[in-house]
Amino acid sequence: MPARIIQTNETPFKTVPVDTVTLDIIENALRNARIEMDATLVRTAMSPGIREQGDAFPLIADAKGKMIVGQFGSYIGPFLESFDGTLEDGDMIFLSDPYSVGGAISHSNDWLVLLPVFKDGRLVAYTSMFGHQSDIGGKVPGSMPIDATNIFQEGVRIPPVKIWKKGEYNEELVKLVLHQVRTPDWCKADLNALIASCRVAARRVIEMCERFGDDMFASATDQLLERNYRAMKQLIESSVPETPVSFQDYICDDGMGYGPYKMKCTMWREKGKVILDFDGTDPQSEASINFLLNENMMKMFFGIYMIMVFDPQILFNDGYYDLIEVRIPEGSLLKPRFPAALSGRTHALGRLFDILGGLLGQGTPEFLNAAGFSSSPHLFYAGTDRNGKYFQLFQIGFGGIPGRPLGDGPDGHSLWPGFTNVPNEFIERYFPLTIERYETVPDSGGAGLHRGGNGIDMVYRFMEPGVIAIHDDRWFVPPWGVNGGKPGARARKLLVKADGTEIILPNKCEDYKVAAGDKLHFVTWGGGGWGDPLERDPALLAKELTQGLVTAEGARRYGVVLVDGIVDTAATEALRTQMRTARGTIQTFDFGPDIETLRANCLAETGLPAPIQPQWHYAVAAE
Amino acid sequence: MVVHRGQPGSISLGDDMTYRLGVDVGGTFTDLLLFDQASGGFWRHKTPSTPHDSSVGVLNGVAAICAEAGIVPADVEFFLHGTTVATNAMLEGKGARVGLVTTDGYRQVMQIARSFVPGGLAGWIVWPKPQPLAALEDTVEIKGRMDAQGRETAPCDDADIRAALETLKSQGVEALTVALVNGYLNGKHELRVAELAAEIMPGVPVSLSHIVLPEMQEYERTLTTVANASVRPVVSKYVRNLRENLRASGMAGSLSLLRSDGGLMSSEKSEEHPVSLLMSGPAGGVTGALWVGKNAGIRNILTLDVGGTSTDVALIENLEPRRVRTTEVGHLSVRASSLDVKTVGAGGGSIAYVPELTGALRVGPQSAGAVPGPVAYGKGGELPTVTDANVVLGYLPENLLGGSFKLDREGAKKAVQTIADALGIDLMAAARGIIDIVNENMFGALRMISVQQGYDPRHFALMGFGGAGPLHVNAVARLMGSWPAISPVSPGVLCALGDATTRMRTETARSYSRRINETDEADVLAQLEDMARQTRAELTAEGIAEADITSLFELDVRYEGQAFEVPLSVDPATLRAEGLASVQARFDEEHARLFTFNMDSAHELVNLRAVALGPSLDLEAPKLQQGNGDPSAAKIRDHELWFDGAMRPAVIYDRARLLAGDVIPGPAIVVEMDSTTLIEGDCDGTIDAVGNLLINPR
């Protein structure tokens, strides 16, 4: 049963004419309100994940629940459809269970608050924000056990409930929830911060309604959606072919020794609509790498990629949703059945962007970017220090940005919007750690006319015994290059014990014990290269050699011979000619070796056994 | 350009040295304002800036304004100067080639930065990554390490440092920065590098991170120190050159520069610490607004400084401007105190356009700048700008008083018509639309510094200045609900006025990072007193009498675990009497005001800060002659302008002839040498006792 919205004033909004200027003003004002939400959040949140790294996402939607400003598209529609209850003035919804909102949030760590905004008894808008909690209980610190086999092992699950009910705060509920987590102070502060952000935005919306009139505001948001619909319709017609194109890529493993998992998407245009069909994607995993992908969110991702690749001027909202149809097979990695574990969904989420890029760019390789949206590598480190104080670190790492039509991919930067690293001096001050090295890995970016960004080698020295967990991907299937660019280097993790013993750790592991003095090299992936490396200016390689971004050996991948740091022009010409002849025609994509070859060489190349091909005892249901 | 006498000055005796001269160097004009400290009379002057060497323009201006006032440069006791020399060097990448010495393992600290990519999801596709301010090839590592408590865990090594410095020397770096991990807690290794640098590369200026910014966060501290090193040679050269030329012209008085935080520092100090000058330009406007507010009896002010390409806004509460700990320059955020000035790409030269795909009307941030400029200026501009829309609507009349150039109204119309055609609306609606959008952009910036910080703009007046501020101030005040809208005396040279009327300032900060319940006021007071001694000594060294120095103190407090602090001002007597508990209570109050909630978490005292201020200028603005309320004697001519959907009759007045108490009914336009004020149809403008124009809804 869908939610019942209780309004004391049922007068429908009148459609009134909105002049262009007012429309633009309202759009700007909404955008500013969204910026205010972010500002409020980072100023009041406490967990490093939110306050330093920015792992939180705001949204403002119209009275029908369609997103007007925000990043990941609206989940309000699916929520309203499945929420069995009322929604009235003074209510605020709190939830974290992905299955209760059709995957609009994708793991239970994301706590979401949703505020219906009422004015004069009438629902005028929604404001909402969700943010990643450092811990929500469950079997491991950080609550993202890669080896979880069901969602019950992943901590507290909050179905949609009212944290505020008709203006009354439900303190008991919050107490109950915070009782389940290892870091109640952080969670409480972060929850307060989410609520404060939604309230700030709600205040702005009401002010806008007062300034322009409720009818004008409602008509304006309709028109903003309509404006976006028109722009996207044009873009789709000019850029999406009627003939289906497919693209596939892989999640390396599931943390339990199985992999890789295939994700596949086919795209075509049919009667003015884009169809995105994930048929061919592998079935769901028994571990936690499943990604419950919400169809609306997929539409938003697609829209954003279209815009960024083809015309970055357009602002996006929910207006174009009717132009896209998303088909995801039930029981697949992207639509797992309850109660499949979901906490490790970040890898599939990241891979989705590589797939989108590959899909959209096939028809127009000049717009194509290379791959490198590995995932968002996580490190957890927890324990009790010598003074008896519990500590828990959750860090998100960064790797190489892919080579782009615009230029080289930046080294060691974030592909996720708004994310930043945590200052190492901050970490050293508040956690029992030393960061001995924080630099990018030379040659790790894929060679290209525009090279991929280098991955990062971050060296942690643990000062207290404890447990660590690592979640990373792109260690087995490399990030691909395009238009002649080569794949980027793969991720790896190396533990050096105090006595010098070196242990290669899996890129997904859980509850691994470390001793004081152990040193961890957390090495992330390099971005794929873009364009023909043999066309890159040799002088640039000489410069990057002095910068420590490439090595003399690595420069040979560009056909450049550096002798004592200086370009040997004759040798370079000779090498380039030889390489050109040997390679033949340039293919649009360079995926590196095929899966079987990767498997065969896995142990030798990575020091880790090859993942085992997963077997499923039931088939994926056809849609 | 024309020298305009604002008020009659007293007759100078020539050797009194009773004059203060404020000089603001902007992109297009150098503004000067000369104050007679005895009478309060002043003169203002505008002269073209000379970007190749700004001191030429300054000296031209000095000569002209002294001649007009009938004095010689030797009569000037204080030369007070706001400059964008440091800012421009940063923005245009014309700083020095900086060598950076970092800790082993951290060579790429500037390359990786904070890993942040601006823009939303997929923003990385279109982001051009800027080059680090210290090039990676000019960055070297040295051995040695401090831990997060400031204890040495590995020693540095002279041979290793020498080798690193030799490398930088051979590469020809022009300035040196040393920024080592955890150096903010212990500067021993940085000092050793400086000692060896003095020997190996004498003459190369050295900036040390633990001195420039003794604060946690390696990237920000390194960046700030590099920024300091980078602009140092440029600023130093400029300041020395200016000082020598002024001295040669006979000026013997003191020479000070305006800091980003609105205080003054000696020209010598500014050579060492130019990173404090990055917002020197906009800070002048804020300090000018402060002086105007003080004289007009208005204590809460939002400022709106509208230039050709951008608009700067700031908030003044109870005659105290808001300060922040960061200075934003281009894409860089440097840790140096500055007035909380937000800049938006919206000004007279902002270009209006209609993107094909969305059919929306956009204004800025692209600007026609000074060249080619708006179409109406007839200097080759072809794209419609905000100024052109103002011309079309009749807000900017053709014959500017005393101005030598004529506006090309037809050209402006033709340009704005292209927008009208693209939108399918008529000319006037398009022009008004451009103005509405640009006003909205200014409104957005003002909200960020007011509403977003928990201030209610309805408790503030809005002051518009800069060339175009008074044209927009009435409309923006309406959006904000901030009345009155103020067009101050001399709105075109308010920055120079600010330079002339502010006071010396210096400050120091220390990281404290302790829970309030784990320390006590005695320890805090002891540290504050030590910091007071240090800052006061800096001012006495500048020749300020000990008795004239005021010390102020601030504590940064947060809930333990938060990333942002709330600064609270304290005085030692109250702190001694009421203890840290009162600080805690005030923090809770402030936090609830800002963010609507409180927490029961521990309070952390993050930083201590001490400020020392020189004497304030007790100079009253001269009173204007009282009129009878009727402005008609100042009327220049009848006019027509667009208001409320139609062209309506209006009157143009000459500001110089308006008297105190005159009430001007809108719609009206008030013109003066360098600025034009628009009073909208349903508002009245009143001239206050000292000549400010206060606009209120009728």
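This is a predicted model: local features need pLDDT of at least 70, side-chain atom pairs count only at pLDDT 80 or more; totals for chains, interfaces and linings use all residues.
Residues are numbered from 1 along each chain as its sequence is written, and chains are lettered from A and ligands numbered from 1 in the order in which they are written.

**View 1. Chain A as a whole.** Chain A has 13 helices and 26 strands (DSSP runs numbered from the N terminus: H or I of at least four residues for helices, E of at least two for strands). Its radius of gyration, taken over C-alpha atoms, is 25 Å, close to the 25 Å from the globule rule for 623 residues, so chain A is as compact as a globular protein of that length. That rule is 2.2 Å times the number of residues to the power 0.38. Buried residues make up 60% of the chain, buried being 20 or more other C-beta atoms within 10 Å of the residue's own, with C-beta atoms placed from the backbone.

**View 2. Helix 5 of chain A, end to end.** Helix 5 has 29 residues and should span 42 Å at 1.5 Å a residue; the end C-alpha atoms are 42 Å apart, which agrees. The expected span is 1.5 Å times one less than the number of residues.

**View 3. The side of chain A that touches chain B.** Here 65 residues of chain A are in contact with 53 of chain B (contact: C-beta atoms, placed from the backbone, within 7 Å). Helix 1 of chain A gives the most to this side, with twelve residues. Helix 5 (184-212) and strand 16 (433-440) are among the other elements that each supply at least two.

**View 4. An open four-stranded sheet in chain A.** The strand order is 10-11-12-13, with mixed pairing (a pair needs at least two DSSP bridges). Strand 10 (245-251) and strand 13 (324-327) are the edges, each pairing on one side only. Seven bridges join strand 10 to strand 11 (261-270), and the two run antiparallel; A:V245 has A:M267 as its bridge partner.

**View 5. Two helices packed on that sheet.** Helix 7 of chain A touches strands 12 and 13, its direction making about 125° with that of strand 13. Helix 8 (346-361) touches strands 10 and 11, at about 150° to strand 10. Axes are lines fitted to C-alpha atoms, for helices over the stretch in contact, and angles run from 0 to 180 degrees between N-to-C directions.

How values were computed. A residue is buried if 20 or more other C-beta atoms lie within 10 Å of its own, exposed if 12 or fewer, and partly exposed in between; C-beta atoms are placed from the backbone.
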